[in-house]
Amino acid sequence: MEPTFNKMTPAGYHAIEQEIADLIAQRPHRIKVLAAAAALGDRSENAEYTNAKRDLGRLESRVRFLNKQLQYAKVVEPADNDQLDIGKTVTLEFMDDHDQVTYQLVGKQEANLEQNKISFTSPIGAALDHHTVNDVVTVTAPNGNYQVKIIEIHRS
């Protein structure tokens, strides 16, 4: 079975690398906290030890997860054309209420609505993929269909 690679932007890849570095930098402190808690005595009734062990385990688990994300990542640079694809930023107008919003089309791992980053696999991201300025696109979402018009596309 061939592995599936996850597309992501260079910025997303570097963000994961930075998170791994930050977690690895925290590891020695977490180990010291665990050792200090273990020195308190009976581990069966030692809440500090249990919490420290759990926290270290979560840190190690997160590092493994992020390393897998990088192992199966395919970094994609935005194409130098007029079509919307991963890594580019798009300004949309919703045809029902004429509200405008700007999103960056990113990989699944990078999606964050608070930062206006949408996944290229989301309903709106998939519908917009490879369209150009002035295209009116119908988005099929779980709550129904709606239309958006692409106002502007630019490389991020």
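Trainee: What covers the buried residues of α2?
Mentor: This is a predicted model, and the answer holds for that model. The buried residues in question are Y49, A52, L56, L59, V63, L66, Q69 and L70. Their cover includes β1 (6-8), α1 (10-38) and β2 (73-75).

Trainee: How far does helix α2 reach from its first C-alpha to its last?
Mentor: Helix α2 runs over residues 47-71, which is 25 residues. At 1.5 Å a residue, 36 Å is expected, and the model comes close to that. From first C-alpha to last, α2 reaches 36 Å.

Trainee: Which residue caps the N-terminal end of α2?
Mentor: The cap is made by a side-chain oxygen, which lies 3.2 Å from the backbone nitrogen of E48. The residue that supplies this oxygen is N46.

Trainee: Is R64 buried or exposed?
Mentor: R64 is found in helix α2. Its C-alpha lies 15 Å from that of Q26, 38 residues away in sequence. The relative accessible area of R64 is 52%, and the cut-off for exposed is over 50%. R64 is therefore exposed.

Trainee: Where does α1 bend?
Mentor: α1 has 29 residues and reaches 42 Å end to end, C-alpha to C-alpha, close to the 42 Å expected at 1.5 Å a residue. It still bends by about 30°, and a proline, P28, follows the bend within four residues. The bend is at R27.

Trainee: Which residues of α1 are buried?
Mentor: Buried means under 20% relative accessible area. What covers the buried residues of α1 includes β1 and α2. The buried residues are G12, I16, I20, L23, L34, A37 and A38.

Trainee: How many Å apart are the end C-alpha atoms of residues 7-75?
Mentor: UniProt, in an unreviewed entry, places the feature "domain: Transcription elongation factor GreA/GreB N-terminal" at residues 7-75. Over that stretch the chain is 78% helix and 7% strand. The end C-alpha atoms are apart by 6 Å.

Trainee: Is T9 buried or exposed?
Mentor: T9 sits in the loop between β1 and α1. Beyond its neighbours within four places in sequence, T9 is in contact with V75, V76, I86, G87, L105, V106 and E110. Its relative accessible area is 5%, and the cut-off for buried is under 20%. So T9 is buried.

Trainee: Why does T91 count as buried?
Mentor: T91 lies in strand β3, residues 88-94. The cut-off for buried is under 20% relative accessible area. T91 counts as buried because its relative accessibility is 9%.

Trainee: Which residue has a side chain joined to that of T91 by a polar contact of 3.0 Å?
Mentor: Leaving aside neighbours within four places in sequence, T91 is in contact with Q100, V101, T102, K149, I150, I151 and E152. A79, 12 residues away in sequence, is 18 Å from T91, C-alpha to C-alpha. The polar contact of 3.0 Å joins the side chain of T91 to that of T102.

Trainee: Which residue in β7 stands opposite V139?
Mentor: Strand β6 (residues 136-141) and strand β7 (residues 144-155) run antiparallel, joined by six bridges. A hairpin of two residues leads from β6 to β7. In this pairing, the residue of β7 opposite V139 is Y146.

Definitions and conventions. Residues numbered from 1 in each chain as written. Predicted model: local features only at pLDDT ≥ 70, side-chain atom pairs only at ≥ 80, totals over all residues. Heavy atoms only, no water. Expected span 1.5 Å × (residues − 1). Buried < 20%, exposed > 50% of the residue type's maximum accessible area, 1.4 Å probe, protein only. Contact = heavy atoms within 4.5 Å. Polar contact = N/O pair within 3.5 Å; in protein donor to acceptor, adjacent residues only side chain to side chain. Bend = angle between axes of the 7 residues up to and from the residue. UniProt positions renumbered as here; feature names shortened; annotations may be inferred. Pairing = 2+ DSSP bridges.
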